[in-house]
Amino acid sequence: MYKHVCSLLFLLALLTASAQAADLTVTFVSCGQGDAALIVSPTGKTVLVDGGPPEGTERLLQVLKKRQISAIDLVILSHPHLDHLGGLAQVAKSMPVRMFLDAGFPSTSPPYNNLLRVLAERGVAVKNATLGRNIDLGDGATLTLLGPPSPFLANTRSDVNANSVVARLQWRGRTVLFTGDAEPEAERFLLEQHGKDPELLRSELLKVAHHGGRYSSTAPFLRAVSPRLAVISSGVGNDYGHPTAETMTRIQAVGATLYRTDLQGDITALSHDGQPWQVTAEAAPPVAKASHGSSTTPAPSLVSSSPPAAPTPATPIEEGFVASRNSKVFHRPSCPSVALILAKNRVSFASRAAALASGRQPSGDCSP
Ligand SMILES: [Zn+2]
Ligand SMILES: [Zn+2]
């Protein structure tokens, strides 16, 4: 009998341990010139924030498949621009979507109306974002809606962008801010709200607004958010010059480590049991730029006889530790930040002792 009680207790302990061990992950999909981020909550709830441009649809579906996602609990469309909604109709056709939420900003865009039609056909509940609403993702993980502003902003550079859904994810002290393509006017609105609650915007990880465009990510906004990590989602060689040097400089000036889907592939931030974010980058095949012509077939490759090139690893394999000539910190060679160090500035150390002896500190992102 005693033995049975013991094994029962052991089993309970095991069950409790597995119930408590939980991960929150956020993956920024390298989908070309656009945004798509997948949140998987500690209880397995799935949220897709935007669905990338049409040409990134295949990549988005690949990532969902690889993560074994068979249903989406909530799709959030930040705003009805094609580089954010392009893959969503296909996602809704591929798997059950339980709820769809967007800013409710009026749009006559045909792809947006097509998406609404697909959602209606599939019986997906469609809701408008309401300011201050909290969405429960289980185990205390919450998405709080901080935008669009109410009433909607008008007479901005782009009212569709300015009225993006802005959402802050929090769980056991870990925080992420999703900004869509928020414009400076939207940032001003958020700062006004932040004035009443100084924790409102503060977030460890910032999804940089508008693909790193020059007008967004104003210095006061970045100071209020005070991110340690920042992710820019943009396409290789895009026509908009995203991300811009000015914006990247402003982000680095607040001390955030920058990650880019165009250079590093899929960027995943994972918190295990509420511990600090671990960020990993996974090389992804480049997404071809959208063709503006009528042709749907991609131009044949000029080197079609050679085998397809292996994807470039996000970080070169190197022994020891790596730093930039211009930086006071050093990294593990596998750290995604290393990919952002220009070759001419890169210095390597054979050992940790040698890196410390150079007067540098271990970097906060990979804790070498
Ligand atoms: Zn936009
Ligand atoms: Zn955009």
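Author: A donor here is an N, O or S atom within 2.8 Å of the metal. The model is predicted.

Reader: Which residues are the protein donors of the zinc ion (ligand 2)?
Author: Take the atoms lying 2.1 Å from the zinc ion (ligand 2).

Reader: What spacing do the donors of the zinc ion (ligand 2) follow along the chain?
Author: Written along the chain, the spacing is D-H-x96-D-x29-H.

Reader: Which residues coordinate the zinc ion (ligand 1)?
Author: The distances run from 2.1 to 2.3 Å. The coordinating atoms are NE2, ND1, OD1 and OD. In that order, the residues are His79, His81, Asn161 and Asp181.

Reader: Is the site of the zinc ion (ligand 1) tetrahedral or irregular?
Author: The site has 4 donor atoms, with angles of 85 to 171°. Four donors count as tetrahedral if all angles lie between 85 and 135 degrees. The site of the zinc ion (ligand 1) is therefore not tetrahedral, and it is classed as irregular.

Reader: Which residue bridges the zinc ion (ligand 1) and the zinc ion (ligand 2)?
Author: The two ions lie 3.6 Å apart. An OD donor of Asp181 is listed for the zinc ion (ligand 1). The bridge is aspartate 181.

Reader: How many residues apart in sequence are the parts that histidine 81 and aspartate 181 tie together?
Author: Histidine 81 lies in the loop between strand S4 (74-77) and helix H3 (82-85). Aspartate 181 lies in the loop between S10 and H7, so the pair ties together parts that are apart in sequence by 100 residues.

Reader: Is aspartate 181 buried or exposed?
Author: Buried means under 20% relative accessible area. Histidine 81, at 27%, counts as partly exposed. Aspartate 181 has a relative accessible area of 1%, so it is buried.

Reader: Where is proline 243?
Author: The peptide bond from histidine 242 to proline 243 is cis, with omega near -10°. Proline 243 sits in the loop between strand S12 (229-232) and helix H9 (245-253).

Reader: What is the phi of arginine 172?
Author: Arginine 172 lies in the loop between strand S9 (166-171) and S10. At 41% relative accessibility, arginine 172 is partly exposed. Arginine 172 is not a glycine, yet its phi is positive, about 45°.

Terms used. Residues are numbered from 1 along each chain as its sequence is written. Chains are lettered from A and ligands numbered from 1 in the order in which they are written. This is a predicted model: local features need pLDDT of at least 70, side-chain atom pairs count only at pLDDT 80 or more; totals for chains, interfaces and linings use all residues. Side-chain values use heavy atoms; hydrogens and water are left out. Donors are N, O and S atoms within 2.8 Å of the metal (3.2 Å for Na, K and Ca); water is not among the atoms, so sites may look incomplete. Four donors count as tetrahedral if all angles lie between 85 and 135 degrees; four count as square planar and six as octahedral if opposite donors are over 155 degrees apart and all others between 65 and 115; anything else is irregular. Helices (H or I, at least four residues) and strands (E, at least two) are DSSP runs, numbered from the N terminus. Buried means under 20% relative accessible area, exposed over 50%, partly exposed in between (1.4 Å probe, protein chains only).
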